[in-house]
Amino acid sequence: MRLLLDSTTSKRHSGPAQVEATELKAGLPITRRAPAPHGAARLVAGRYRLRALLGRGGMGRVWLAEDELLHRPVALKQAVLSERTSDDWYPGDNPDRLLIEACAAATVNHKGAVTIYDVVREDSQNWIVMEPLSGHTLAELITVEGPLSIAQVTRIGLGLLDVLMAAHRVGILHCDVKPANVHLCDDGRVVLTDFGIACRMLDEVSDRTRLLAGSPLYTAPERLRGGNPEPASDMFALGATLFTALEGKPPFSNGRSLFETVVAVVEGVPAPCQHAGPLRPVIDGLLAKNPADRLTGEVARNALLDIQQQLRPGPPTEVLEGVNA
Ligand SMILES: Nc1ncnc2c1ncn2[C@@H]1O[C@H](COP(=O)(O)OP(=O)(O)O)[C@@H](O)[C@H]1O
Ligand SMILES: [Mg+2]
C-alpha cells in the first residue's frame, strides 16, 4: 500500500505518483523532492532541520526532520492548538503540555511506546524530539483498506495490551487510545503514540478540562460522567479501537451533536460487531459500561493469546514420497 501525505490536508492517499511521502514514512533517505510544506526547512534549536509534515492531530503537528548533529532522521512534534478539526476535546493551552507529554511517554519506556529522544525549547515553545516511525496509523490503514482481519486485529490488540499494561505498571494512563494514535510500523511493531493527555494515576486530577480531553467516541463512560480515569478506562478505549479496526467504524454512532455522541457512549448499546468472530467476547468485555465488569488487561491478553493460538495454521500435511493419496 502506498500512502501520501498531502501537504495541505495532511491526509494520505493511495497512488503511484506519491513516492516521496512513502519514502519519508518508510524512513528512507530524506529527499527534497517532496513539496516542502509551509514551515519546512526551518532549523529548530540550531540542530533539527524540518523536512516534511508527517501528520497532524488536534493538538499538534509532527514533522520529519534531520538531526544535523547526529545525522539521523527524527520526528519533531510542535504544539499547534489552533488546528482543531474535529469534535474532540482538548485540554487548555499549557506551555508545558508537550513537556508533560514527553515525560509520560519517556516514563513508559517500552518498545510499544514511541521513543522520546529529547524536548527542546525555542522562542518559548517546546518541541518533542522522537523516533520517526515508519508505516501508518491504524486510522489511515482503516481509511485506505477498510476493516482488518481477525488475525490482524488480534495482533494489534496484543501489542496495545503489552504497552498499556506496561504503562499502567509504572502509573501512567494513556487516556487517548484511538486508531489515530496507534502506529503500525513497517517492521511489524505496534506503537502507541500521543501521550498528550496521559496522566499519572496518583496525581490529583484537578483540571476538569484534562478529564474531558480526548475523543468522546473512544472515551470510557465513567470518564464522560466526570469520574477520574483509571486503567479500565484505557481498556474501554482499546475495545472501541479494536471494534473500529474490525468494522471500519466505531462502536457508538457519531451523533449529530457532541451531546448525542456522549449519550450514545454512556447509555447506548454498541452496534453489532459483525466481523468479530472469536474476538466477540473480548470486544464485548472491554466495552462493558461498568469499569468493574470490564475485562482487565491480563484477562484480555490471555483471551487474545488463546485466539491467536487457534488461528495459527496447523503443521503442514506430510507429503510422503511415492505415495499417492
Ligand atoms: N513519531 C512519529 N513518527 C511518524 N509519524 C508520527 C509520529 N508521531 C506522530 N505521527 C503522526 O502525526 C500525527 C499527529 O501526531 P499526534 O502525536 O497524534 O498529535 P496530536 O496530539 O495533535 O493528536 C499522527 O496521527 C501520526 O500520523
Ligand atoms: Mg493524536
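Which residue takes a positive phi in the hairpin of β3 and β4? In this predicted model, the residue concerned is H71, with a phi near 55°, in a hairpin that has four residues between the strands.

The mean pLDDT of the protein is 83, and 77% of the residues reach a score of at least 70. The stretch of residues 1-35 has a pLDDT below 50, although in the model this stretch makes 61 contacts beyond near neighbours in sequence.

Six strands make up an open sheet in which the order is β1-β2-β3-β4-β6-β5 and the pairing is antiparallel.

R56 has R61 in β3 as its bridge partner. The pairing then continues from β3 to β4, again in the antiparallel sense, over eight bridges, with D67 standing opposite R72 in β4. It is in the hairpin of β3 and β4 that H71 takes its positive phi.

On its other side in the strand order, β4 pairs with β6 (residues 125-130) in the antiparallel sense over four bridges, and Q78 stands opposite W127 in β6. The strands β5 and β6 run antiparallel and are joined by six bridges, V119 being placed opposite I128 in β6. These strands form a hairpin with two residues between them, and D123 in the turn has a positive phi of about 50°.

An open sheet of three strands is also present, with the order β7-β9-β10 and antiparallel pairing. In this sheet β7 (136-137) and β10 (190-192) stand at the edges with a single partner strand each, so one side of each is left without a neighbour in the sheet. Strand β9, formed by residues 182-184, runs antiparallel to β10 and is joined to it by three bridges, and the bridge partner of V182 in β10 is L192. Helix α4, formed by residues 150-169, lies across β9 and β10 and runs at about 45° to β10.

The surroundings of ligand 1 draw on both parts of the chain. The shell consists of 21 residues, of which the closest are G55, G57, V62, L133 and D194. Two or more residues are given to this shell by each of β2 (48-56), β3 (60-67) and β4 (72-79), and β2 gives the most, with three residues. Classified by residue type, the shell comprises nine nonpolar, eight polar and four charged residues. Because domain 1 (25-130) and domain 2 (136-311) both give residues to the shell, ligand 1 lies between them.

Methods
Residues numbered from 1 in each chain as written. Chains lettered and ligands numbered in written order. Predicted model: local features only at pLDDT ≥ 70, side-chain atom pairs only at ≥ 80, totals over all residues. Near = placed C-beta within 6 Å. Nonpolar A, V, L, I, M, F, W, Y, C, P; charged D, E, K, R; others polar. Domains from an automatic or database assignment. pLDDT = per-residue confidence, 0-100. Contact = placed C-beta atoms within 7 Å. Pairing = 2+ DSSP bridges. Axes fitted to C-alpha atoms, helices over the stretch in contact; angles between N-to-C directions.
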